[in-house]
Structure formats: C-alpha cells, structure tokens
Amino acid sequence: MSTGSEVQKQEPNQEEVKAEQKDAVGEEVKAEQKDAVGEEVKAEEQKREDKKEEVKQSWKDSIYNQRTGQFLGRTASSWGLILVFYLIFYGFLTGMFSLTMWVMLQTLDENVPRYQDQVSNPGLVVRPHAVEIAYNRTEPTNYNHYIQQLHELLQQYNDSIQDSNELCLVGEYTEQDNGAIKKVCQFKRSFLRQCSGLPDSSFGYAEGKPCIIIKLNRVVGLKPKGDPYINCTAKTKTSLQMQYFPAEGRLDKMFFPYYGKKAHPDYVQPLVAVKLLLNKDDYNVEQTVECKVEGSDLRNNDDRDKYLGRVTFRVKVSQ
C-alpha cells in the first residue's frame, strides 16, 4: 500500500517537469526570434548607411575621381583634346563670318545706299514741327515755342555761315568730281526775307500772319527734272492769300544732287517759306493747307503715302 502511494505522488512531478521544459523551450524560441528580428533591423540600417555612403562617394567621384584621375568624367588629356577641337571649330566659323562680312562691305559705297527704291522720291516736312498750329496772337506764350523752332532751324542758314560756301550757277545742277568732301552752295537766311526772322523776330506770328517753312527731304543723288517749286492751296470755301520766299516757292536745281552725309557734311537743303496772309475773316477759323512739289518729275499724288512730295497742315489763329 505504501508503494502505490509513492507512485501516485511521483506522477504529478513528471507533469510539472514537462511543463517547465515546455516553458523553457518557448522562452528560448522567443529569445531566438527576438534576436533574429534585431539582426534584421541592424542589417537594414547597415544597408541604408552603406547606400548613403555609396551615393556620397558617387557624387564626389562625378566631380573628381581620385582612382581614375577624372574631372567631371574626363581625364586631363580628354579635356585638352576637346578644348583644342572647339578652338579650331569656332576659329574656323569666326574666320568664315569675317571673310563674308569683308566681301560684302567691298560691294558697298559708304556715301550712297546700294538700294534706295523706296526713297527715290522725297517727302516734304514743315516747321514749326506740328500738324496743327493753333494760337492766340495776343498771347505771346501761345506761339513762342513755334518761333523758337524756326530760329533753331535757321541757325545754320545764317549769312555769316553761308558766306563761306560756294556761289553756284542758278538753274544748273552742281555736279562734282570724286573729291572726298563736296562743296556746298549758299542758301542764306536772308533769302527768306519777311520769313527769315531778321526784320520780324516773331516770323509774323505776332501780327496773325504766320510763316511756315517747308523743306524737301534729302535723297542721295537726286536730280529733279524740270523746274521744281512749292505750291500751297487752302482747302476752304474762301481763298487764302499766301506769299512765297524765295519768289514763286522755287527749289533751285543748283542745290542738287546731294552726295551723302559723309561727302557733304555741311550741306543745307533749300527752303521755301510760305507766309499766310490771314485777315479778320480768317481768324478763329481752322485753315487746312496742302503744299506740293510741282514743276518736275517728283511724285506728289501717291495715295499710299500722303507725305510723298506733299504735306498737309492746319492753322488756326485767334484774336
């Protein structure tokens, strides 16, 4: 009986041992799993570090690689060869461009434009430089700026300056030889008489009979045929009296041809002054005046260009 009791007492001890063994195994497995996870995390971190180091090293190598001696992907000899190639290539292009420009410049005349088809016929311009001239004749401040423009224009026509120029043949072209500097024909300010600003410094603006100065644009080599002159007409119901200086508004042929700014540096264009003889009935009325160059082969009726050989301006004088 006592033996059986001892056996029964030993059996629970074996179960406890098994449980303890099972727990120990579980703990070992968990510990191993934990260690494995830790190793994996460390491995991933190491990979990231290695990758960063590789990128950093690759970036440095792209600038300068110490192992191969390359700078920006090329060795010193490679850089030398490519620089020599581009020096030769761009040197050749520069030489070709310079040669082309030199050949082209040999065909040009520095005094005469090669092509001037669009300016073979000159336009007309007026001074004062205004499409509409309006002022009150009793208020000098209204017209002083017009007077100032006319005085500035006529400075180069002063008799003291023009006396040094040539006396040319009236009615004849002044054609000249191949001299570097061409002579200039006299056109004195005094030729404009009452519109010269000499007897009347206000050019007639103070008395309500203003002067308008008209000039022909310069065209190199132009020799108008016939006897060119300026003719002005008022586009009003009543006739408007005008007076021309020089007489008949003549543009004498002795001032042609013009040889260009370099060969003809002191050249002055012939001028025509038109004095508008306004009366009391003309005051406070806008007068539209059209002036044309006539008596020659110069064009003045091209509808595509309203300033070709003609010019239109408006004048309104108030009392």
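1. Asp252 is buried, with a relative accessible area of 8%; buried means under 20% relative accessible area, exposed over 50%, and partly exposed in between, with a 1.4 Å probe and protein chains only. Its salt-bridge partner is Arg250, the closest N and O atoms being 3.7 Å apart. Arg250 is partly exposed at 31%. A salt bridge here is a side-chain nitrogen of Lys or Arg within 4 Å of a carboxyl oxygen of Asp or Glu.

2. On provenance, the model is predicted: local features need pLDDT of at least 70, side-chain atom pairs count only at pLDDT 80 or more, and totals for chains, interfaces and linings use all residues. Residues are numbered from 1 along each chain as its sequence is written, and side-chain values use heavy atoms, with hydrogens and water left out.

3. Asp302 and Arg299 form a salt bridge through their side chains, at 2.7 Å from N to O. Asp302 counts as buried at 10% relative accessibility, while Arg299 is partly exposed at 38%.

4. Lys223 and Glu175 are joined by a side-chain salt bridge of 2.9 Å, N to O. This pair links distant parts of the chain, 48 residues apart: Lys223 lies in the loop between β5 (211-216) and β6 (226-234), and Glu175 in the loop between α4 (159-162) and β5. Helices (H or I, at least four residues) and strands (E, at least two) are DSSP runs, numbered from the N terminus. Lys223 is partly exposed at 36%; Glu175 is exposed at 53%.

5. A network of salt bridges links Glu132, Glu286 and Arg314. The count for the model comes to 11 salt bridges.
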